[in-house]
Amino acid sequence: MVVAMSSTCPGLYCGRMMVNGSVEGECGVCPRGERANIQKVCEACTESPELYDWLYLGFMALLPLVLHWFFIEWYSGKKSSSALLQHVTAMLECSMSAVVTLLVTEPVGMLSIYSCRVQMLSDWYTMLYNPSPDYVNTLHCTQEAVYPLYTIVLIYYAFCLVLMMLLRPLLVKKMACGLGKSDRFKSIYAALYFFPILTVLQAFSQYYDYAFPYIILVLSLVTLAVYMSASEIQSFKNLAAKKKRLVVLFSHWLLHAYGIISISRLDKLEQDIPLLALVPGPALFYIATAKFTEPSRILSEGGNGH
């Protein structure tokens, strides 16, 4: 009888409320944290996110941190002694924001979350699937069908912004002595620009959910090649000359590994784990071939008629 009553709900995401074991009310939007099941009854999301969903959330959490590091390095200047401390502070801000975000998300007070798992692409855009049973009136059933993968990122960004405004200005004012007054806060000003941009881009989060492993791999490969080229690294000796270069290299290797794990999802460990051996490949290939693509050598050989 319950199925017969509830199966009349139109659309993909409309459902009826379950009260004291019985289905009551008219078809409509399910409360936050719930989703209409096959019988069109609103059902609480109590599943744990899959590994891929955690990797997606990790990617979204890394975006502000990487941007923080980029702009801190860009505006800190070569003589600034505060860059390292600002890097550590940015990591602390993002880490604290991530922990607080998990604690305030259901189940509250625990470092875990309940999730409505993504089943289809339309789950990200429920507002486009509000049904019109009589072709005149629209039944609004817009909800977060991918709870909490959409809103948890926005909450995380809000905490990042608040903690940055509380911690970073005091640190920069006291420690960034090697910079002029107008340059000290530029990395903070940059964050005030990129956080709204990230928030707007979150509207297209369904594309990130499907494409983020490839985005990580492509961007990490490109930025590593640009960095090694700008730093004129053409041998292992040049690479090991400065500790900073090794830190950048290992950071990119971690991103390579993150992208490979996200693509493979570690469904078959015996087949997927060996893929991590490819992580050092791009750096080794660059060093092995850099001397053959040196512009000065190509120009000199061209001038000699070779």
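1. Helices here are DSSP runs of H or I with at least four residues, strands are runs of E with at least two, and both are numbered from the N terminus. This is a predicted model, and by that convention its chain holds 11 helices and 4 strands. Of the 306 residues in the chain, 37% are buried, and among the contacts with a separation of 6 or more, 66% join residues 24 or more positions apart.

2. Where does Gln202 lie? Gln202 sits in the loop between helix H5 (186–201) and helix H6 (205–230). Because its relative accessibility is 0%, and buried means under 20%, Gln202 counts as buried. Leaving aside residues up to four places away in sequence, Gln202 touches Tyr56, Met60, Leu149, Tyr150, Val153 and Leu154.

3. Two of those partners of Gln202, Tyr56 and Met60, also belong to the set of H2 residues that meet H6, together with Tyr52, Asp53, Leu55 and Phe59. On the H6 side the contact is made by Ser205, Tyr208, Asp209, Tyr210, Phe212, Pro213, Ile215 and Ile216. By class, the residues of this contact of H2 with H6 divide into 11 nonpolar, 1 polar and 2 charged.

4. As for geometry, the axes of H2 and H6 are 10 Å apart and the two helices pack at an angle of about 80 degrees. Since angles of 65 to 115 degrees count as roughly perpendicular, H2 is described as roughly perpendicular to H6.

5. Helix H2 (residues 51–76) also packs with helix H8 (residues 243–264), their axes coming within 11 Å and crossing at roughly 155 degrees. That angle makes H2 roughly antiparallel to H8, the term being used for angles over 145 degrees. The crossing of H2 and H8 is left-handed.

6. Which residues of H2 meet H8? They are Tyr52, Trp54, Leu55, Gly58, Phe59 and Glu73, and their counterparts in H8 are Lys244, Tyr258, Ile261 and Ser262. The contact of H2 with H8 comprises 6 nonpolar, 2 polar and 2 charged residues.

7. An unreviewed UniProt entry places the feature "transmembrane region" at several stretches, including residues 54–72 and 246–266. In the model, residues 54–72 are 100% helix and 0% strand, with the end C-alpha atoms 27 Å apart. Residues 246–266 are 90% helix and 0% strand, and there the end C-alpha atoms are 28 Å apart. The annotation itself comes from the record, and such annotations may be inferred rather than shown by experiment.

Methods: Residues are numbered from 1 along each chain as its sequence is written. This is a predicted model: local features need pLDDT of at least 70, side-chain atom pairs count only at pLDDT 80 or more; totals for chains, interfaces and linings use all residues. Side-chain values use heavy atoms; hydrogens and water are left out. Axes are lines fitted to C-alpha atoms, for helices over the stretch in contact, and angles run from 0 to 180 degrees between N-to-C directions. Angles under 35 degrees count as roughly parallel, over 145 as roughly antiparallel, 65 to 115 as roughly perpendicular and the rest as oblique. A crossing is left-handed if the near helix is turned anticlockwise from the far one by less than a right angle, and right-handed if clockwise. Contact means heavy atoms within 4.5 Å. Ala, Val, Leu, Ile, Met, Phe, Trp, Tyr, Cys and Pro count as nonpolar, Asp, Glu, Lys and Arg as charged, and the others, Gly among them, as polar. Buried means under 20% relative accessible area, exposed over 50%, partly exposed in between (1.4 Å probe, protein chains only).
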